[in-house]
Amino acid sequence: MSASQPSVLLVEDEPAQREVLAYNLEAEGFGVAKAENGDDALLLVDEAQPDVIILDWMLPGVSGIEICRRLKSNTETRKIPVIMLTARSEEADRVRGLETGADDYVIKPYSVIELMARVRTQLRRVRPASIGERLEFDDISLDAETHRVTRAGEAIKLGPTEFRLLSTFMEKPGRVWSREQLLDRVWGRDIYVDTRTVDVHIGRLRKALCQHGGDDPVRTVRGAGYALG
Ligand code: CA
């Protein structure tokens, strides 16, 4: 998975269904992690939090419902949207009745196009910049599709790393990001980068954002990291 690319964890024990879905998700530009059972799914979530989880209800061992319940009762993972796949509508009713906390339900056999649309709906909520939305913060505007950034109407030139940093910040204004979290999100966890590199690029981002004047919108939170606003 490359940095900034939206990531989907696909939990499905049927190999054919898993491969078809993975293929379609990758074609949509998503990074895909695959698990064929609940235990693997929980391990993968622990390793690298996905942006969205597609979770089959019927799994060998721990059921999808139980996985969902565990994810939703853990403060670390409860905000990750879960789309449950259920085999029949009666099962879907049962899933709803069980109040697992799933964010959406798709009944099998599903249309891949519809499922992709549901994934995008969840991503729009959690990672708007990753699907080409326009983000605004104060007088800063970022268009994720055209990669144009303006401040008070003036064009701001940013390098690719600074652009990814800014879109990460603008997806969640006010949120404090640690250097390690920024490394994961902006650089990707497969690449070894020193945390001081983050400081260097934050410096460049600040300079760029203030090139036409205005206050520095990036806040340094001592001992914690950085935030926008
Ligand atoms: Ca299954």
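1. Helices (H or I, at least four residues) and strands (E, at least two) are DSSP runs, numbered from the N terminus.

2. Basis of the note. The model is a predicted one, in which local features need pLDDT of at least 70 and side-chain atom pairs count only at pLDDT 80 or more, while totals for chains, interfaces and linings use all residues. Residues are numbered from 1 along each chain as its sequence is written, and side-chain values use heavy atoms, with hydrogens and water left out.

3. Helix α2 comprises residues 38–47, and its buried residues are Gly38, Ala41 and Val45. Viewed down the axis of α2, these buried residues fall within an arc of 55°, so they line one face of the helix. The arc is that of the directions from the helix axis to the C-beta atoms. Buried means under 20% relative accessible area, exposed over 50%, and partly exposed in between (1.4 Å probe, protein chains only). An α-helix has 3.6 residues a turn, so residues three or four places apart point the same way. On the face of α2 turned away from the buried side are the exposed residues Leu43, Asp46 and Glu47.

4. Asp46 is found in helix α2, and it counts as exposed because its relative accessibility is 68%. Between Asp46 and Leu209 there are 163 residues of separation in sequence and 35 Å in space, C-alpha to C-alpha. At the start of α2, a side-chain oxygen of Asn37 reaches to within 3.2 Å of the backbone nitrogen of Asp39.

5. The calcium ion. The protein donors of the calcium ion are Asp13 (OD), Asp56 (OD) and Met58 (O), which lie 2.1 to 2.4 Å from it. Donors are N, O and S atoms within 2.8 Å of the metal (3.2 Å for Na, K and Ca); water is not among the atoms, so sites may look incomplete. The donor residues follow the spacing D-x42-D-x1-M in sequence. Asp56 is buried because its relative accessible area is 3%.

6. Domains. The domain assignment of the protein chain gives domain 1 (7–126) and domain 2 (133–228); such bounds come from an automatic or database domain assignment. The C-alpha centres of domain 1 and domain 2 lie 30 Å apart. Five residues from domain 1 and five residues from domain 2 take part in the contact.

7. Helix α6. The 12 residues of helix α6 (residues 160–171) should span 16 Å at 1.5 Å a residue, and the end C-alpha atoms are 17 Å apart, which agrees. The expected span is 1.5 Å times one less than the number of residues in the helix. Helix α6 is mostly covered, with 10 of its 12 residues buried. Among the buried residues of α6 are Phe163, Leu165, Leu166, Phe169 and Met170, and also Glu162 and Glu171.

8. Ser178. The loop between α6 and α7 (179–187) holds Ser178. Ser178 counts as buried because its relative accessibility is 18%. Residues up to four places away in sequence not being counted, Ser178 touches Ala224 and Gly225.

9. Arg134. Arg134 lies in strand β6 (residues 134–137). Its side chain makes a polar contact of 3.2 Å with the side chain of Glu136, and a polar contact of 3.1 Å joins the side chains of Arg134 and Ser141. A polar contact is a pair of N or O atoms within 3.5 Å; within protein, one must be able to donate a hydrogen and the other to accept it, and residues adjacent in sequence count only if both atoms are side-chain atoms. Leaving aside neighbours within four places in sequence, Arg134 is in contact with Ser141, Leu142 and Asp143. Arg134 and Ala144 are 10 residues apart in sequence, and their C-alpha atoms are 6.0 Å apart.

10. Backbone points to check by eye. Most residues other than glycine have a negative phi, and most peptide bonds are trans. A cis peptide bond, with omega about -5°, joins Lys108 and Pro109; Pro109 is in the loop between β5 (104–107) and α5 (112–126). His147, which is not a glycine, has a positive phi of about 60° and lies in the loop between β7 (140–143) and β8 (148–151). Ala152, also not a glycine, has a positive phi of about 50°. Ala152 is placed in the loop between β8 and β9 (154–156) and counts as exposed because its relative accessibility is 56%.

Key: Contact means heavy atoms within 4.5 Å.
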